[in-house]
Amino acid sequence: MNDHLLHVYTGDGKGKTTAAMGLALRMLGHGKPVLIAQFMKDGTSGELNSLGRFENAHIYEGARMQGFIWRMTPPQLEQARQAHREAADSLLNVIHALRPELTILDELCVALATRLLTLEDAFRLTDTALLYGDAVVTGRNAPEALLERADYISRIEAVKHPFDQGQKAREGIEW
Ligand code: ATP
Ligand code: MG
């Protein structure tokens with residue numbers, strides 16, 4: 001069995017991204033290089049500030065997105081698609097240059113579900129990351145093809161979430 005394994009954290013409960021970042025923290029604790037790319041997000045989540053302080057952590061900024069996808073007009077959506085495709089391509093170069101022992105592709109499943117990226121793009125990223133270390137893909141609605149390739153699948157179930165009681169997202173907890 002290959003030493004480099006693919007992890008998928010999916011499901012509708014809270015804890016996918018934070019679990020991935022926890023794994024990054026663990027790998028960094030061993031002094032190994034870690035690459036973190038967040039798709040669909042604006043780069044303001046707290047963990048990026050903390051993990052970015054580690055010398056061996058590389059935060060990839062190219063896949064960022066401002067605003068909500070469901071509010072985009074068709075031309076804005078096409079622009080976001082183009083930007084994500086270009087980001088995925090340049091991320092491949094970063095992976096080769098950095099040779100990370102852990103690559104986190106946070107919310108990649110959401111980029112797939114919203115068709116900002118194709119499965120082909122996703123596999124190109126995971127296959128390249130797996131040349132050098134483990135790869136973690138997070139996000140709701142992981143596609144079946146990705147699950148088939150994964151070595152670890154953790155499906156987090158939302159049993160309770162205060163959002164359903166009208167609770168707003170809180171700094172330090174949700175981002
Ligand atoms: P976290 O980043 O806290 O680990 P996550 O990655 O599992 O959460 P996502 O599906 O990426 O969750 O959603 C991002 C945001 O939505 C998080 O702030 C999270 O708290 C919130 N969230 C997660 N699950 C639910 C839910 N079932 N209902 C409403 N909001 C949720
Ligand atoms: Mg998440």
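Buried here means under 20% relative accessible area, and exposed means over 50%. With that in hand, welcome to some close-up views of this predicted model.

**Figure 1. A magnesium ion held by T17 and E107.** The magnesium ion (ligand 2) is coordinated through OG1 of T17 and OE of E107, at 2.0 to 2.1 Å. T17 belongs to helix α1, while E107 sits in the loop between β4 (102-106) and α4, so the pair ties together parts that are 90 residues apart in sequence. Both T17 and E107 are buried.

**Figure 2. Two non-glycine residues with positive phi, R99 and E107.** Most residues other than glycine have a negative phi. Here, R99 has a positive phi of about 50°, and E107 has a positive phi of about 65°. R99 is placed in the loop between α3 and β4, and E107 in the loop between β4 and α4. Is each of them buried or exposed? R99 has a relative accessible area of 52%, so R99 counts as exposed, the cut-off being over 50%. E107 has a relative accessible area of 14%, so E107 counts as buried, the cut-off being under 20%.

**Figure 3. The largest pocket, with a volume of about 1,600 Å³.** This pocket is lined by 42 residues, and the closest to its centre are K41, F68, E107, R140 and E174. Elements that give two or more residues to the lining are α1 (16-29), α2 (46-51) and α4. Of these, α1 gives the most, with three residues.

**Figure 4. The largest nonpolar core, made of 37 residues.** The residues with the most contacts inside this core are F39, Y60, L91, L105, L108, L125 and V137. Two or more residues come from each of β1 (6-10), β2 (34-38), α3 (74-98), α4 (108-113), α5 (119-132), β5 (134-138) and α6 (144-149). Helix α3 gives the most, with seven residues. Apart from this core lies another, of 14 residues, among them Y9, A20, A24 and I36.

**Figure 5. A closer look at Y60 and its contacts.** Which residues does Y60 touch, leaving aside its neighbours within four places in sequence? Y60 is in contact with L35, I36 and A37, and also with A87, S90, L91 and V94. One of these partners, L91, is also listed with Y60 among the residues with the most contacts inside the largest nonpolar core.

How values were computed
Residues are numbered from 1 along each chain as its sequence is written. Chains are lettered from A and ligands numbered from 1 in the order in which they are written. This is a predicted model: local features need pLDDT of at least 70, side-chain atom pairs count only at pLDDT 80 or more; totals for chains, interfaces and linings use all residues. Side-chain values use heavy atoms; hydrogens and water are left out. A nonpolar core is a set of buried Ala, Val, Leu, Ile, Met, Phe, Trp, Tyr and Cys residues joined through side-chain atoms within 4.5 Å. Buried means under 20% relative accessible area, exposed over 50%, partly exposed in between (1.4 Å probe, protein chains only). Helices (H or I, at least four residues) and strands (E, at least two) are DSSP runs, numbered from the N terminus. Contact means heavy atoms within 4.5 Å. On a 1 Å grid over the protein atoms alone, a cavity is a set of points where a 1.4 Å probe fits but cannot get out, and a pocket is an open set with protein on both sides within 12 Å along at least five of seven lines; lining residues have an atom within 4 Å of a point. Grid points are joined across faces, edges and corners, and a volume is the space filled by probe spheres set on the points. Donors are N, O and S atoms within 2.8 Å of the metal (3.2 Å for Na, K and Ca); water is not among the atoms, so sites may look incomplete.
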